[in-house]
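Here is a short note to read beside the model. Please keep the 3D view open as you go.

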Amino acid sequence: MSLAPAVLRLAATVAGLLLVAAQPTPASAAPPPHSPAPHAVVAASETWYPPLSTRGRYIVDARGTRFRLKAANWDGAQGSWTGNGSVTDPASHHAGQNSYGIPLGLDRMPLDGLLADFHELGINAIRLPFSNEMIHSTTPVPDGAVGANPQLRGRTPLQIYDAVVDALSRSGFAVILNNHTNTSRWCCGVDGNERWNSGQSTQQWADDWVFMARRYAAVPRVVGADLYNEVRRDVLDDPNWGLGDDHDWYSAAQLAADRILTEADPRLLIVVEGINWTGVPVDGLPHGRPQLTPARTLSHTLVDAHKLVYSAHFYGYTGPHHSGATGIGETHDPRYQDLNREQLDTALDDEAFFVEENGRHYTAPVWVSEFGIGANETNTAARAWLGNFTDYLADRDADFAFWPLVGFEGHDDWALLRYDSAGHRTGVLDSGDWRSPAWQHLMTAPSTAGPVASVPVWRMLGTDHGDAVESLRVRTAGDWDPGAHKAACPDGLRLVGLGHATGRGLCTDAGAAELRSSDAGQTVVADERYVPAGGDWASGYTKLQCPPGGFLIGYSVRGERLSAALCVPGRTPLSGTARTVWFDRSDNRPAGAAGGDFAYGDYKGQCGVNEYAAGIAFTTRFGSRPGPDALLCRTLP
């Protein structure tokens, strides 16, 4: 979330920089049993079948039918304390709302009544924030925090979170777990929660994710893991995307995603938010909101190529280079609400929605997992922004989640639904709420529905800082080139492109959805033993060629030097017309360069969509770079 208290904390930091289920169980215990039977639904706004996955820019259900995330954020479990004053004083909590570390509203409305109101909104999914502190808390919440739900008395925040997750799933909502903060406090400024590892190690963070994913693995409509909220600069340093250090969000997200899918719950979508802020918001100093722009040249490849969703947050009072501050920390950069419709559309395309372009290594659905504005907003530009922004989401048929879903009447006018102490409801469903037309337009605008056709998948590999073995079948075979950095395509994809000096590769299933034999065998090729007599396709170069009938799915490097090729047998006889694709002096790629720039700044070679790669050539001649120089490409059967 990006609301005023966060802006004030950010401004204060800038000023400083300028001056210098039923029984209580601990979080470590085994997950409690959950009541819903697999795939059971009590009520739902629409019929859909978990789990969810992706096809190009769309999210689809288990039957391949489009499932558009029309969601809202039910916050509270991430914490509401602002960091100032006593934690027991409601005035020290955001908007005077003490959440007690659980989803808001359980003191004012029975859980079933809340869910009925959510259905009336028309939403089909809930982003459910939590903090790492919530996971480990063993103190029951006060009875008053669940006053309208006496069945929840005596439970810890995690156990109440359990009950909410179960109820949402039974009611037909898709649930996306969101690690919002390390500590239980309001987000998002310079507050000790800037990064996933601000108050804990990356290892502990990933361990907590494995714990949470396992805990809800038996709940059928828990469909996603939103890894961390609004990664941003702390007092001293920026997060980065791919540098390989302790502040590398790209690598941390890759690690957590891998562990979730391989150790906890392979059904889950993995939601990776872009970088929310870097730099110091002072005119003349570098600063801005990268969002998803780094994914153009470095995108995530998961062990399941159909589980990645990218996300971004947009609020009218922030901007591409504006922190949202007023006064100290405010710059002369435009806010999103200062942009006209054409400028706003361009900013949204450039910062996030370029990701939805099909046929790129970064292609994925984009989920705007936070946007919002208050019912009491009177600023003309801010009101116009909401209309322009929701028009964009409707026109792009985008996945979205409003912030926040629930609030207290007289406290948080941003909430879609507000409840007074007696449980009376007001909000966006009332005709007097000026946000209603924009909300209704967004909810009812024409949208792609029904079966979604499969599209070719393109994914990149990178050995910049270690292994990128994304094939589960290859992993079961162990370390196939000890000491080298190894890369292998996700199962179902083949290697079709390589960079000359960067250790980058390109995988696809275009032209052949599953080329590999069911045979578990694989061959590590480190010499020319499989080059047939008279078959010198790269004279003067060392050629690592697959055995007859095999194709490339991986490679390994030692520094820049190519070390080995990884080959597997085809499920049908492979031969085909061969050609040599040289890329030691320039790019050599098919027209249109499907897959995008998978090795930015490097020469790239790539087989055609009707081809597979069967060999790699390189040289160790003095004065030459020892990386890949050529590919042996053969036509698919």
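1. First, the ground rules. This is a predicted model, in which local features need pLDDT of at least 70, side-chain atom pairs count only at pLDDT 80 or more, and totals for chains, interfaces and linings use all residues. Residues are numbered from 1 along each chain as its sequence is written, and side-chain values use heavy atoms, with hydrogens and water left out.

2. Overall form. The chain has ten helices and 29 strands (DSSP runs: H or I of at least four residues for helices, E of at least two for strands, numbered from the N terminus). Its C-alpha atoms fill a box of roughly 85 × 60 × 45 Å along the principal axes.

3. Burial. Of the 637 residues, 61% are buried (under 20% relative accessible area, with a 1.4 Å probe and protein chains only).

4. Helix α2. Look at residues 111–121: the buried ones include Leu-111, Gly-113, Asp-117 and Phe-118. Among the elements covering the buried residues of α2 are β4 (125–131), α4 (157–170) and α9 (436–444) (contact means heavy atoms within 4.5 Å). Just after α2, Gly-122 takes a positive phi of about 95°.

5. Gln-291. You will find this residue in the loop between β10 (287–288) and β11 (308–313). Gln-291 counts as buried because its relative accessibility is 0%. Its side chain reaches the backbone oxygen of His-313 at 2.9 Å. Leaving aside neighbours within four places in sequence, the contacts of Gln-291 include Gly-274, Tyr-336 and Glu-351.

How values were computed
Buried means under 20% relative accessible area, exposed over 50%, partly exposed in between (1.4 Å probe, protein chains only). A polar contact is a pair of N or O atoms within 3.5 Å; within protein, one must be able to donate a hydrogen and the other to accept it, and residues adjacent in sequence count only if both atoms are side-chain atoms.
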